[in-house]
Amino acid sequence: MKQHTRTVYVALHLQPEEVARLRQTLAMYEQAYNAYSEWFFNNKTVSKNDAHKALYRKLQDDLNMPSGLNQSARDKASANYKSYNSNNKKNRFKRKLVFTAQSMQYKKNTSRLNSQGLLTFSLANGKRAKVQVNIPQYFTNRYGDWAYQSAVIGIDRNGNPFAQLSFRRDYDAPRRKGKVVGIDRGIYNIIATSEGDIVNSKHLRGVKRRYKHNRRKLQRQVASGSRSAAKRLAAMRGKEARFTQQVNHAISSRLAQADDVSTYVLEDLNGLRKSVNRKGKGSAKRQSLLHNWSPAQLAFFLEYKCSLRGIEVAY
């Protein structure tokens with residue numbers, strides 16, 4: 001089983017006293033890193049256990065920093081020397097590494113992120129900081145069911161606190177046995193599989209028609225200068241997009257849960273919109289239906305969800 005990680009950058013809106021504590025903690029982290037770095041350099045080893053025995057307790061007494069960040073500084077110094085030695089095999093430990101801390105590595109013992117987006121993390125001289133983070137919608141749509149793993153937290157060059165949040169998901173090994181199932185993505189049937197599984201788009205098209213009707217009404221009001229109509233129009237666009245995503249998530253999740261499938265085969269739809277955009281009887285209706293359709297989004301959801309289960313998606 002393999003692990004895959006995705007990282008997202010978020011701003012941290014901290015209170016002034018928490019920003020001051022974050023700066024203090026960064027200074028402690030920097031001192032701890034450089035103390036471990038000097039020890040590794042002098043002893044020509046990258047053993048975390050030996051460094052822990054030699055320095056951990058002394059640094060705790062001297063700095064009074066969160067113990068998890070003490071260990072994080074040790075691990076970072078060890079990893080950096082491993083990387084340096086790997087890239088300079090003939091000159092191992094030739095240079096002592098010095099660190100100027102702008103950020104710190106937080107693991108699960110020093111940070112938590114709950115399902116409502118509340119991030120808590122250790123800081124020196126007081127309780128853990130608590131801050132609500134706004135994860136971008138695109139990231140939540142793709143990786144909302146991945147598990148929080150770790151964070152890099154610090155202050156950027158403009159003096160703004162930030163966090164890089166990492167999420168993990170385990171991937172199953174590719175399946176060697178199972179059925180090969182073809183999937184036809186259509187306008188009147190969202191999917192039709194070679195196994196006879198059909199998802200009709202009647203409900204989807206009905207909702208889309210309702211959105212289209214309401215959108216035209218609001219656009220006329222916006223044209224006449226209504227600010228409230230402009231706000232409602234923007235909100236409706238987001239709501240319609242979320243509805244489409246929910247439908248595609250539901251279909252792709254159901255397909256990915258199949259235990260007897262090794263491969264799904266989809267047709268390549270590149271150039272489809274161009275081929276449909278031709279004059280002729282029924283052309284306007286076909287174009288309208290096509291532009292309300294999201295086959296690429298469905299394929300993307302299916303690809304990454306199937307990859308987690310060891311199912312291949314081919315074209």
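**Helices and strands, term by term**

Visitor: The crossing of H5 and H6 is left-handed. What makes a crossing left-handed or right-handed?

Guide: In a left-handed crossing the near helix is turned anticlockwise from the far one by less than a right angle, and in a right-handed one clockwise. H5 and H6 make the left-handed kind, whereas the crossing of H2 and H3 is right-handed. Please keep in mind that this is a predicted model, where local features need pLDDT of at least 70, side-chain atom pairs count only at pLDDT 80 or more, and totals for chains, interfaces and linings use all residues. Residues are numbered from 1 along each chain as its sequence is written, and side-chain values use heavy atoms, with hydrogens and water left out.

Visitor: Why are H5 and H6 called roughly antiparallel?

Guide: Helix H5 (residues 202-223) and helix H6 (residues 227-256) pack at about 165°, with axes 9 Å apart. Angles under 35 degrees count as roughly parallel, over 145 as roughly antiparallel, 65 to 115 as roughly perpendicular and the rest as oblique. H5 and H6 are therefore roughly antiparallel. The angle lies between N-to-C directions on a scale from 0 to 180 degrees, and axes are lines fitted to C-alpha atoms, for helices over the stretch in contact.

Visitor: Which residues of H5 and H6 meet?

Guide: Among them are Leu204, Val207 and Leu218 in H5, and Leu233, Met236 and Phe243 in H6; contact means heavy atoms within 4.5 Å. The residues of this contact divide into 11 nonpolar, five polar and five charged. Here Ala, Val, Leu, Ile, Met, Phe, Trp, Tyr, Cys and Pro count as nonpolar, Asp, Glu, Lys and Arg as charged, and the others, Gly among them, as polar.

Visitor: Why are H2 and H3 called oblique?

Guide: Helix H2 (residues 48-63) and helix H3 (residues 67-87) pack at about 140°, with axes 11 Å apart. H2 and H3 are therefore oblique to each other. Their contact includes Tyr56 and Leu59 in H2 and Arg74 and Asp75 in H3.

Visitor: How do you know that E8 pairs with E11?

Guide: Strands pair if DSSP finds at least two bridges between them. Five bridges join E8 (residues 179-185) to E11 (residues 261-266), and these strands run parallel. Three bridges join E8 to E9 (residues 189-193), running antiparallel, and a hairpin links E8 to E9 through three residues.

Visitor: What is the average pLDDT of the protein?

Guide: The average is 88, and 92% of the residues score at least 70; pLDDT is the predictor's confidence in each residue, from 0 to 100. Among the elements, helix H8 has the lowest mean (52) and strand E4 the highest (97). Helices (H or I, at least four residues) and strands (E, at least two) are DSSP runs, numbered from the N terminus.
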